Amino acid sequence: MKKVLSAITDRVATKKGTAVTLSIWILAVVLLSIFAPSVRDYQMSSIETLPEDAQSLLAREKIETYFGNSDLIPAILVFQHNEGDEVDPAQLGEITAQMEENDIHGVEEVIPFEKLPPQAAESFLSEDGSTAFIPLNFSNLLDTPDIKESLHEIHALVEENSDLTLHVTGPAGIATDTSELFSRADLVLIMATVGIILVLLVVIYRSPLLAFIPLLAAGIVLQAVMQILGILGDSGLVMSTQSVSIMTILLFAAVIDYSLFIFSRFREELKSHDDKYAAMKAAMRGMGLPVFYSGATIFAAMIILIFASLEDYRNFAPIFGTTFIVIMLASVTLVPALFTLFGRKSFWPVIPRVGDKHIKNNSAWSKIGRAVTKRPAAAVTIIILFIFITASNIFNMEYEFDMLKSFPDDMQSRVGYEILEENFAAGDLAPTTVLFEASDAVGEAEQSELLNTLLDQPLVNQVRVDGVTDDNKVISYSMTFDENPNAQETMDALETIRDDSDEILSSSKLEGELYFAGDTASSVDDRSLNNRDLILIVSLETILIFVMLIFLTKSIRMPVYMMGTILLSFFAALGLGTFLIDLFFAIDTMSNRVPVYAFIFLVALGIDYNIMLVSRFLEERKQHPVKEAVEIAVANTGGVISSAGLILAATFAVLMTQPIQLLFVFGFIVAVGILIDTFLVRGVLLPGLIMLFEKDKKGEKQSDRFSS
């Protein structure tokens, strides 16, 4: 691989090679932009995350088989009086009558409130009469923009025919709200990312071109990736808006990181070579393999996600895998070609000259390198102690399974749902459907027996028969709980009921199968599969990256140090991040996706910095003893890795501008983890471990040339 990469980078680092490389990239991006669709044409605000064999989905399919296809898009119209008075049922009747008369596009079913008897109508009103709701269903053939237009008509109709305030919740309301949120968020994400990277690059390096060149490379790569993903979307690949948002951040972060590594080594070589092409050739011979290997490591970590059960993890694999193929190509062609094109001008106003000093003995990282090599045991002990203290907070983490809690407080569908929560029994908002598939016909007495057995289960509030097939072999029950349908207690109760289904049937003297569908059943499946995916992803990625590091370092011990420190820093980031986000932002729960997302990105990205440090150590180890090689490696990589880490952390922190709490928390924790990796793990812990366990060969003398 090293020979292949050297052949490529040697060709790029020539006058002709630079021109050809840039021409190919520009031509490819232009052709893709003209002839390929954009990924934006195929983004979806939400995707079905559960696999087809999930128990709740199998139950839903059974229900549709026996009681008809219910594959419509539900919406819940939530009404309150503008003046805080009681809702007038007559106004609700007028509204539903007008909806039927106007034949609003896509509305398949709506409760005819004006025709309901008074006792039935009361079930849609809160006890104090201040709140009412009316369910309706849209055709599943409607796209989100069509639903939005129809809801706009309903809002206008309510304003014309009543003095009521309307909030729309349920899947239809959530879909339109999230679509609108992300349409604004995409622009904010790109602008914030570019802005913060530009500012940090200018502040850190005080060179306008050093800020411009990496961003130019990232922009070219982003455009190419967007169009290539558009082709995949046109071929049928589902594109989650959330995945594309994270991909954008990851792309900018990786391209900027690799650009900084390359320019840092290029600057070094310009102090030894008068010709910019010779300098880039030498730089890429030292950096080509580590940079390419870093990209390949992240690529492999993303492809592993294809083995996950949950679709939102699986969705990462093709999107991020494709992205990193392009990034890896760009890191050994486009980026060096751009820096070679500008040459020494890239560093203006501090232009490197032949003969300039390579390492400043009084630089911060030179001092840190000397301090760590002088007292490695003390340095390692302090960092390990910090990691264990911060990691201990992971035992205080609590998860939130209510998707709406992840959205902004003022989002209309969330407001509507919370109004329902305040005014109606929490469990009534999303009943669980229990389907009993019997071997023989079930009489009314047996149906009642099973109903009463279900009613006796933990936290169950109400059970009623919803439907019976003509042959009396299949009965559908509607079951509600005392607590919120997505509360941990409710999920635990349903999981227990599901696990005990054989005993429940046995005590009711019935034979057959019980199936459970609905929001709570889906959340139980999601939680179970997420726990399974967490173990699988952590295991597979750790093993895969460890094996790749063995091939890179040609050692067993070194990958142990590298992977061990990264895994420790992941737990520290999770513990410290959750503590700080509760302290500063009063967020005390998180999505169960956060630990998995954080692991994927912290391990894949954090290993980059360890690869850069260890690659430089191994390079210097050929000429120097361990102590001196560590000092040189820390001094030479410290500045660029610390600046790259700051920029990478800030880039992921941009996710905190997104309207979903999941991305906010994920961005914050990854930013914290990257800073831990950058300054503590790569800067102190890993060099300290190398000093403690890597020994000089017999007869090799320690040189004081560097440290003097």
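Guide: A term to begin with: a helix here is a DSSP run of at least four residues, numbered from the N terminus. In that numbering, Val332 is found in helix H11. Keep in mind that this is a predicted model.

Visitor: Is Val332 buried or exposed?
Guide: Val332 counts as buried, at 2% relative accessibility.

Visitor: What is Val332 in contact with, leaving aside its neighbours within four places in sequence?
Guide: Val332 is in contact with Leu5, Ile8, Thr9, Val12, Met284, Gly288 and Phe292.

Visitor: And how far apart are the C-alpha atoms of Val332 and Glu311?
Guide: They are separated by 32 Å, with the two residues 21 apart along the chain. That fits helix H11, residues 311-332: at 1.5 Å a residue its 22 residues should span 32 Å, and its end C-alpha atoms are 32 Å apart, which agrees.

Visitor: How many of the residues of H11 are buried?
Guide: 17 of the 22 are, so H11 is largely enclosed by the rest of the structure.

Visitor: Let me step back. How many helices and strands are there in the protein?
Guide: There are 23 helices and 10 strands. The protein has 708 residues, and 56% of them count as buried. Its C-alpha atoms fill a box of roughly 95 × 55 × 45 Å along the principal axes.

Visitor: What about contacts between residues at least 6 apart in sequence?
Guide: Of those, 80% join residues at least 24 apart.

Visitor: Now helix packing. At what angle do H9 and H22 pack?
Guide: Helix H9 (residues 241-270) and helix H22 (residues 626-653) pack at about 165°, and their axes are 10 Å apart. Angles over 145 degrees count as roughly antiparallel, and H9 and H22 are therefore roughly antiparallel to each other. Their crossing is right-handed.

Visitor: Which residues meet there, in H9 and H22?
Guide: On the H9 side, Ile249, Leu250, Ala253, Ile256, Asp257, Leu260, Phe261, Ser264 and Glu268 take part, and on the H22 side Asn636, Val640, Ile641, Ser643, Ala644, Ile647, Leu648, Thr651 and Phe652. By class, the contact of H9 with H22 has 12 nonpolar, 4 polar and 2 charged residues.

Visitor: Why would residues three or four places apart point the same way?
Guide: Because an α-helix has 3.6 residues a turn.

Visitor: How do H8 and H12 pack?
Guide: The angle between helix H8 (residues 208-234) and helix H12 (residues 334-342) is about 145°, with the axes 10 Å apart. H8 passes H12 in a right-handed crossing. Among the H8 residues that meet H12 are Leu209, Phe212 and Pro214, and the H12 residues include Leu338 and Phe342. The contact of H8 with H12 has 14 nonpolar residues, no polar ones and no charged ones.

Visitor: What about H19 and H21?
Guide: Helix H19 (residues 519-553) packs against H21 at about 10°, with their axes 11 Å apart. Angles under 35 degrees count as roughly parallel, and H19 and H21 are therefore roughly parallel to each other. Residues that meet include Asn530, Glu541 and Thr553 in H19, and Val596, Val614 and Leu618 in H21. The contact of H19 with H21 divides into 14 nonpolar, 4 polar and 1 charged.

Visitor: Where is Val614 found, again?
Guide: Val614 is in helix H21, residues 594-621. Val614 counts as buried, at 1% relative accessibility. Beyond neighbours within four places in sequence, Val614 is in contact with Thr553, Met558, Met562 and Leu686.

Visitor: Changing topic: what joins Trp348 and Pro349?
Guide: A cis peptide bond, with omega about 15°. Pro349 lies in the loop between H12 and helix H13 (364-374). Most peptide bonds are trans, and most residues other than glycine have a negative phi.

Visitor: What is phi of Arg206, then?
Guide: Phi of Arg206 is near 50°, a positive value in a residue other than glycine. Arg206 is in the loop between helix H7 (170-205) and H8. Arg206 is exposed, with a relative accessible area of 60%.

Visitor: And phi of Leu459?
Guide: Leu459 has a positive phi too, near 65°. Leu459 sits in the loop between helix H16 (444-455) and strand E8 (460-468). With a relative accessible area of 30%, Leu459 is partly exposed.

Terms used
Residues numbered from 1 in each chain as written. Predicted model: local features only at pLDDT ≥ 70, side-chain atom pairs only at ≥ 80, totals over all residues. Heavy atoms only, no water. Helix = DSSP H or I, 4+ residues; strand = E, 2+ residues; numbered from the N terminus. Expected span 1.5 Å × (residues − 1). Buried < 20%, exposed > 50% of the residue type's maximum accessible area, 1.4 Å probe, protein only. Axes fitted to C-alpha atoms, helices over the stretch in contact; angles between N-to-C directions. Parallel < 35°, antiparallel > 145°, perpendicular 65-115°, else oblique. Left-handed = near helix turned anticlockwise from the far one by under 90°. Contact = heavy atoms within 4.5 Å. Nonpolar A, V, L, I, M, F, W, Y, C, P; charged D, E, K, R; others polar.
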